[in-house]
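Hi everyone, thanks for coming. Please have the sequence and the 3D view open while I talk, and follow along as I name places in the chain.

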Amino acid sequence: MKNTRIMLTIIISFLVSGMLSAQTNSYNIPQQLSDLINKAFDNYPKLKEGDALIRMNQSQRDLAKAGYMPTIEGEASYRYAKPTPELSFPGGAGTFSFVPVNNYDFHLAATLPIWDFGRTQANVQKTLAQIQTSKDNLENNKQAIAYE
């Protein structure tokens with residue numbers, strides 16, 4: 001008798017549970033509300049600030065990666081020197097100038113970092129973490145605005 005009651009209870013619970021529908025995760029959001037939320041995303045200053053912060057962090061990442069690149073430096077100069085010391089030869093044979101009147105100078109240097117003890121890699125990793133943090137903050141702000 002006890003076993004039949006348990007079996008009957010189990011069968012009835014299966015039949016009743018089949019008739020019930022579970023909650024679904026898909027929400028039916030009206031189109032007008034969705035449009036308003038998207039307009040709020042486009043016009044909210046805090047979100048624009050978050051986008052600008054992400055772009056700035058990406059630029060900092062590119063600058064940090066520039067530490068791996070070679071550096072080329074150049075310098076050019078010109079100097080006009082007058083009067084210059086001269087030696088005149090007797091008899092009109094001419095003059096000898098010790099220093100030229102027009103001085104041109106040009107230097108070119110290229111440097112390539114060989115080993116910076118991981119400093120560049122640490123800067124790149126730091127900027128990648130800042131980018132991810134900025135993206136997370138932007139997403140958090142979007143969710144807060146959508147909730148409001």
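Let's start with aromatic rings: a search of the whole structure finds three aromatic pairs. A pair here means rings of Phe, Tyr or Trp (its six-membered ring) with centres within 6.5 Å; planes under 30 degrees apart count as stacked, over 60 as edge-to-face, and the rest as tilted. One of the pairs is Tyr-78 with Tyr-104: the ring centres are 5.0 Å apart and the planes stand at 40°, so this pair is tilted. Tyr-78 lies in strand β1 (residues 71-80) and Tyr-104 in strand β4 (residues 102-111), so the pair ties together parts that are 26 residues apart in sequence.

The cut-offs are under 20% relative accessible area for buried, over 50% for exposed, and partly exposed in between, using a 1.4 Å probe and protein chains only.

Another pair is Trp-115 with Phe-117, whose ring centres are 4.5 Å apart with planes at 40°, so that pair is tilted. Trp-115 counts as exposed at 63% relative accessibility, and Phe-117 counts as exposed at 68%.

Before I go on, a word on where this comes from. This is a predicted model, in which local features need pLDDT of at least 70 and side-chain atom pairs count only at pLDDT 80 or more, while totals for chains, interfaces and linings use all residues. Residues are numbered from 1 along each chain as its sequence is written, and side-chain values use heavy atoms, with hydrogens and water left out.

Stay with Phe-117 for a moment. You'll find Phe-117 in the loop between β4 and α4, and its phi is positive, about 60°, although it is not a glycine. Another backbone detail is the peptide bond from Lys-82 to Pro-83, which is cis, with omega near 0°. Pro-83 sits in the loop between β1 and β2 (86-89). Why point these out? Most residues other than glycine have a negative phi, and most peptide bonds are trans.

Back to strand β4, where we also find Asp-105. This residue is partly exposed, with a relative accessible area of 37%. Which residues does Asp-105 touch, leaving aside neighbours within four places in sequence? The answer is Glu-75, Ala-76 and Ser-77, where contact means heavy atoms within 4.5 Å. Asp-105 and Ala-76 are 29 residues apart along the chain, with their C-alpha atoms separated by 5.6 Å.

Now for helix α4 (residues 119-147), which is where Thr-120 belongs. The helix has 29 residues and reaches 42 Å from its first C-alpha to its last, close to the 42 Å expected at 1.5 Å a residue; that expected span is 1.5 Å times one less than the number of residues. Thr-120 is buried, with a relative accessible area of 6%. Beyond its neighbours within four places in sequence, Thr-120 is in contact with Ala-64, Gly-67 and Tyr-68. The C-alpha atoms of Thr-120 and Tyr-68 are separated by 7.2 Å, and these residues are 52 apart along the chain.

The buried residues of α4 are Thr-120, Val-124, Thr-127, Ile-131, Ser-134, Leu-138 and Ile-145. Here is a handy rule for reading such a list: an α-helix has 3.6 residues a turn, so residues three or four places apart point the same way. The buried residues of α4 pack against α2 (31-43) and α3 (45-65).

Finally, the whole chain. Its secondary structure comes to four helices and four strands, running α-α-α-β-β-β-β-α from the N terminus on. Buried residues make up 10% of the 148 residues. Among contacts between residues at least 6 apart in sequence, 70% join residues at least 24 apart.

Conventions: Helix = DSSP H or I, 4+ residues; strand = E, 2+ residues; numbered from the N terminus.
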